[in-house]
Amino acid sequence: MKSIVILISGRGSNMQAIVEATLPVRIAAVISNRTDAQGLRYAADRGIATAVVDHTMFATRDAFDTELAGAINRYHPSLVVLAGFMRVLTPGFVDKFHGRLINIHPSLLPAFTGLHTHERALECGVQLHGCSVHFVTPGLDHGPIIIQAAVPVLPDDNAATLAARVLRQEHVVYPRAISWLVEGKVSLGASGRVNYHGAAMDGGILISPREQE
Ligand code: GRF
């Protein structure tokens, strides 16, 4: 069975959704850049190996990323899953995991890269918001998109209610993307575009608001 390593920085609800989904994959380790990441306890309680590579202990991004890559490679994962991992990764790190490094971002990319996506979506008055799972490339929150889920922005929404609606969909699409990848239904093509083989297309790239209710 293929194995994955999940990187977190905090709460870890996406990691939890991945652990609780029935996926044909072994979760080899959960690694955090913060000792106080809440998700570490959840993983350890379930017998999953955990590790911390504390970014504050490194003078440069390169030094941190080298140590992080070493910590990941100890588990020989076929996929590295960023799940609320709040560090910008160097191009050197991203290159090492080309085609097997994925991230989830709480917006319909390429809109709203970076932080505070829900506040910015509300400020802009968009009617559709959502989340995206994508292969990681050196640009922040850029890279070929594997799956997106859209949710409606409702008249009474605030950032918290909108974030909660998006997060419910994150917990649906991230396990789905991982299962596609480990089953070989999705891959990163040489052209830099996502290749879908068979069933992945049936899963729908965009989940419409109506389908979710
Ligand atoms: C999620 O909204 C994810 O999309 C973003 O950071 C948040 C992490 O939440 N990158 P959690 O730690 O998975 O609960």
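Trainee: How many Å separate an oxygen atom of the ligand from a polar backbone atom of Asn-14?

Mentor: This model is predicted, so read distances as model values. To judge a polar contact, look for N or O atoms within 3.5 Å. Here the distance between the Asn-14 backbone atom and the ligand oxygen is 2.9 Å.

Trainee: Which side chains place a polar atom by an oxygen atom of the ligand?

Mentor: Ser-13 does, at 2.5 Å. Glu-170 does too, at 2.7 Å.

Trainee: Which residues surround the ligand?

Mentor: Count a residue if a heavy atom lies within 4 Å. The list runs Arg-11, Gly-12, Ser-13, Asn-14, Gly-84, Ile-104, Pro-106 and Glu-170. By class, two are nonpolar, four polar and two charged.

Trainee: Which pocket does the ligand take up?

Mentor: The largest one.

Trainee: What is the average pLDDT of the protein chain?

Mentor: The average is 92, and 92% of the residues reach at least 70. Residues 208-213 fall below 50. That stretch still has eleven contacts in the model beyond near neighbours in sequence.

Conventions: Residues are numbered from 1 along each chain as its sequence is written. This is a predicted model: local features need pLDDT of at least 70, side-chain atom pairs count only at pLDDT 80 or more; totals for chains, interfaces and linings use all residues. Side-chain values use heavy atoms; hydrogens and water are left out. A polar contact is a pair of N or O atoms within 3.5 Å; within protein, one must be able to donate a hydrogen and the other to accept it, and residues adjacent in sequence count only if both atoms are side-chain atoms. On a 1 Å grid over the protein atoms alone, a cavity is a set of points where a 1.4 Å probe fits but cannot get out, and a pocket is an open set with protein on both sides within 12 Å along at least five of seven lines; lining residues have an atom within 4 Å of a point. A molecule sits in a cavity or pocket if more than half of its atoms lie within 2 Å of its grid points. Ala, Val, Leu, Ile, Met, Phe, Trp, Tyr, Cys and Pro count as nonpolar, Asp, Glu, Lys and Arg as charged, and the others, Gly among them, as polar. pLDDT is the predictor's confidence in each residue, from 0 to 100. Contact means heavy atoms within 4.5 Å.
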